[in-house]
Amino acid sequence: MIRLAKQIIPKKTPVPEQLPAERIKNYDEVIQGYTTEQAMAEANRCLGCGRPLCIAGCPVNVNIPAFLNLVARGDFRGAVNLIKETNSLPAVTGRVCPQEQQCEGRCALSKRFESVAIGRLERFVADWEATRSSTLTPEIPPPTGNKVAIVGSGPAGLTVAADLAKKGHQVTIFEALHEAGGVLVYGIPEFRLPKVIVRREVENVCRLGVKLVKDFVVGSASTLDELLEEYDAIFLGTGAGLPWFLNLTGENLNGVYSANEYLTRANLMKAYLFPEYDTPIVRGRRVATIGGGNVALDSARTALRLGAEESIIVYRRSRAEMPARIEEIHHAEQEGVRFELLTTPVSFYGDQNNWVKEIECVRNELGEPDTSGRRRPMPIKDSNFRIPVDVVVLAIGQSPNPLIPKTTPDLRISKNGVIVIDNETGKTSKKGVFAGGDVATGGATVILAMGQGKIAAKAIDLYLKTGQW
Ligand code: SF4
C-alpha cells in the first residue's frame with residue numbers, strides 16, 4: 001500500500017483571546033480556549049512520529065501523540081482519560097506549563113514550523129471534561145490500611161495525594177491557608193489560571209477519597225514528629241513561599257512589596273474588590289516590578305488591572321534571557337507593560353512620609369555566561385538614572401519557608417534553605433518523610449513539581465509495602 005505523506009500545516013491554529021484593551025480592565029482569563037473544530041484541526045497537525053520527542057520533553061511523560069490522535073478523531077473522553085493516567089492536573093498544566101521549553105520545544109514540527117499546540121489541546125480536553133455532568137473517577141483498590149499525610153496542597157502535594165489514593169492508601173492533605181491549591185491560588189492570577197479550575201482539580205483529587213484539612217500549619221499546630229505518630233509516611237510539598245529581597249537602601253519604604261505579598265493580596269484575598277473584601281492594596285499610578293520570571297510578569301499585569309497608568313518591568317538581562325513563558329511576555333507587551341531591560345536597581349528613594357518615589361538604576365551590558373548558562377549582566381560605568389514610581393514589586397525569587405526545618409532538627413537542609421532529597425525517590429534525611437516540588441528545588445515550574453511528586457508517590461508506595469528505607 002502506498003502511504004501518502006501528511007500535508008504539513010506550518011502554523012498553530014490561532015486561539016481566541018480577549019483583546020488587550022478590554023482584558024486589562026478585568027480579571028477574566030486572557031485565552032478563551034479552542035472550539036471543538038479548532039481543537040480537532042490543531043490535533044490533526046501532529047505527524048504521529050515513530051520516535052516522538054515530545055513525550056521525552058514532558059516531565060510526567062504524557063503519551064502526547066496518542067492523546068492528539070484521539071482529539072483529532074473527536075474522542076475527547078479517551079484523550080482526557082489517557083492524559084490523566086500520568087497527569088492528574090491537565091486543566092492547570094495546559095494553562096501554565098512552559099510548553100515551549102518542554103513538549104512543544106521538542107516537537108518535530110518546531111524545527112521548521114510552529115509546534116503542535118499541545119498545551120492548548122491538553123487544556124481543551126480537560127475543560128471539555130469539566131462541562132460533562134459527571135467526571136469519571138478511577139476504581140480505587142481496597143484500603144491498604146496505610147495512612148499518609150501530605151503537607152501542602154500545591155501541585156506536588158495534589159499529585160502525590162492522587163497517586164497514593166489510587167493505590168488504596170488513606171491520604172490526608174494539610175493546607176496552611178483557607179483555600180487549597182498552594183501557589184496555584186495565591187500566586188498565579190485569575191487571568192492566567194481561574195480559581196474555579198484549581199477548585200475543580202482539588203475536588204477531583206478529593207473524589208478519590210483524599211481528606212483535606214485547611215487552616216492547619218504543620219510546624220506550628222503540629223510538628224512533623226507528632227504527625228509521624230499517626231501517619232505511616234509524610235510528603236512535604238510546602239513550596240517556596242519565603243520571598244527574597246535585594247538588601248538595597250530604601251527597600252523598607254512604604255509601597256515596596258514582595259511579589260509574594262502583592263499577588264497574595266490581589267489574588268487570594270481579592271484586594272481588587274476592596275472594600276467589599278477586607279484586604280487593601282496600594283494602587284500605584286506608576287508601578288515598577290523587579291524581575292523577569294512569570295511571577296514578575298504576573299505582578300506587572302496585575303498592576304495594570306489594579307489601575308496603574310504605567311507598569312514597568314525592570315530586568316537585569318535582555319529579553320532573550322527572561323525566564324518567563326514566551327506567551328506571558330507577549331501578552332504583557334500587548335497589554336502595554338514597559339520593559340526596562342539590561343537594568344539593575346541600586347537604590348530606592350522615598351518622600352517625607354516614607355513612601356517610595358524613585359528607583360535609581362544602572363544600565364548593564366551582557367558579559368560571559370554565568371553558572372545558569374545565561375550571559376552575566378555587567379554594570380556600565382556612569383549609566384545611573386532614576387525611574388519615578390509609587391509602587392515597587394520585588395519578584396526576584398523565593399526559597400522555602402523555614403518553619404518545618406526549624407521544628408524538625410533531623411531534617412537535612414541545604415545552604416540555600418531547600419530540603420535535601422534523594423532525586424530518585426524524594427526521600428529526605430528523616431525516615432518516613434519524603435519531599436518534592438519547590439521545597440526541594442527552591443522554585444521551579446508546576447509540572448516539575450508534579451514530576452517530583454510522581455517519583456515520590458512511587459517511592460512512598462514501595463516504602464509502605466516493604467517498610468524498607
Ligand atoms: S513530536 Fe510533535 S509531531 Fe511528533 S508526535 Fe509529538 S506532537 Fe506530534
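I looked up the ligand shell first. Around the ligand I find Cys46, Leu47, Cys49, Pro52, Cys54, Pro65, Leu68, Cys107, Ala108, Val116 and Ile118 (a heavy atom within 4 Å counts as near). By class, that shell has 11 nonpolar, no polar and no charged residues (Ala, Val, Leu, Ile, Met, Phe, Trp, Tyr, Cys and Pro are nonpolar, Asp, Glu, Lys and Arg charged, the others, Gly included, polar).

The model is predicted: local features need pLDDT of at least 70, side-chain atom pairs pLDDT 80 or more, while totals for chains, interfaces and linings use all residues. Numbering starts from 1 along each chain as its sequence is written, and side-chain values use heavy atoms, without hydrogens and water.

Next, I checked the sheet. I read an open sheet of 5 strands, order β3-β2-β1-β4-β16, with parallel pairing (strands are DSSP E runs of at least two residues, helices H or I runs of at least four, numbered from the N terminus; pairing takes at least two DSSP bridges). β3 (211-213) and β16 (433-435) are the edges; each has a single partner strand, so one side of each lacks a neighbour in the sheet. The twist averages 20 degrees from one strand to the next (axes are lines fitted to C-alpha atoms, for helices over the stretch in contact; angles run from 0 to 180 degrees between N-to-C directions).

I then followed one pair. β1 (147-151) and β2 (170-174) run parallel, joined by 5 bridges. Ile150 has Ile173 in β2 as its bridge partner.

Last, I noted helix α18 (446-466). α18 packs on the sheet and touches β1, β4 (233-236) and β16 (contact means heavy atoms within 4.5 Å). Its direction makes about 170 degrees with that of β4.
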